[in-house]
Amino acid sequence: MTDIELASIPGGTLQLVDARRNLRRTEQLEPFDIGVYPVTEALVAELIGVTAEHPRRPAVELSWLRAVRLCNAASEWEGLDLAYGVDGEDVVWHRDSEGYRLPSEAEWEFACRAGSTGPVYGPLPEVAWSAADGVRSPQDVGARHPNLYGLFDMLGNVSEWCFDLLDPDDDPSRGARVFRGGGFADDAWNVRADVRRGAGPRSTHDDVGLRLARSAE
């Protein structure tokens with residue numbers, strides 16, 4: 001099976017800003033593990049038996065609900081407890097599980113920043129694929145420089161689903177879920193560590209994928 005490469009991220013504190021609602025909150029994060037790369041077409045092919053046309057590209061056209069099921073499929077493959085209970089469109093996160101899951105929004109931003117305080121962790125042309133590159137599809141993972149945690153493509157290439165609702169007051173089964181990071185067709189304004197965007201849990205996009213996470217053992 002394609003290896004799932006994870007990096008260990010230390011615990012810490014992050015101020016999460018919701019510019020749409022003019023809110024700020026401080027999150028205290030426990031140590032966690034997160035994928036060095038976005039989930040690739042090759043990994044999805046092995047997990048669910050589909051064809052990978054571009055094995056090293058990030059997998060896209062995956063809804064949030066499909067992303068949750070892929071996390072569970074990865075856990076099943078490795079014999080881990082499932083992180084999610086899924087009943088139709090109702091999803092429960094078993095927070096004490098050791099299985100693969102989507103990062104929380106705060107975990108994603110903390111991992112993306114890797115200690116940096118600015119909107120990006122390096123010069124955008126060196127770390128991210130964006131509209132400035134003029135590409136028309138996701139690019140192979142790992143082609144640009146990683147951040148200081150050794151994570152590739154946290155910014156640009158494809159946005160990545162997080163577990164959180166875009167608006168915490170929404171119905172969990174229908175409300176928009178957060179995706180972060182910006183994609184290959186996004187202008188620099190959207191390819192930043194602090195930009196929050198989202199979409200319905202059943203929606204699919206050609207520039208939104210996922211990155212696996214696990215709670216630290």
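**Salt bridges and cysteines**

In this predicted model, a salt bridge joins the side chains of Glu 109 and Arg 113, with N and O 3.0 Å apart. The two residues lie four apart in helix 3, so about one helical turn separates them. Glu 109 is buried, its relative accessible area being 3%, and Arg 113 is also counted as buried, at 14%. The pair belongs to a network: salt bridges with shared partners connect Glu 105, Glu 109, Arg 113, Arg 180 and Arg 196.

Within that network, Glu 105 pairs with Arg 196, and their closest N and O atoms are 2.5 Å apart. Glu 105 is buried at 1% relative accessible area, and Arg 196 is buried at 13%.

Another salt bridge connects Arg 202 and Glu 89 at 2.7 Å, N to O. Its partners are 113 residues apart, with Arg 202 in the loop between strand 9 (197-199) and strand 10 (208-209) and Glu 89 in the loop between strand 5 (84-87) and strand 6 (90-93). Here Arg 202 is exposed, at 60% relative accessible area, and Glu 89 is partly exposed, at 29%. The structure has 12 salt bridges.

Disulfides number zero. The cysteine sulfur closest to that of Cys 112 belongs to Cys 162 and is 10 Å away, which is too far for a bond. Both cysteines are buried: Cys 112 has 0% relative accessibility, and Cys 162 has 0%.

Terms used
Residues are numbered from 1 along each chain as its sequence is written. This is a predicted model: local features need pLDDT of at least 70, side-chain atom pairs count only at pLDDT 80 or more; totals for chains, interfaces and linings use all residues. Side-chain values use heavy atoms; hydrogens and water are left out. A disulfide is a pair of cysteine sulfur atoms within 2.5 Å. Buried means under 20% relative accessible area, exposed over 50%, partly exposed in between (1.4 Å probe, protein chains only). A salt bridge is a side-chain nitrogen of Lys or Arg within 4 Å of a carboxyl oxygen of Asp or Glu.
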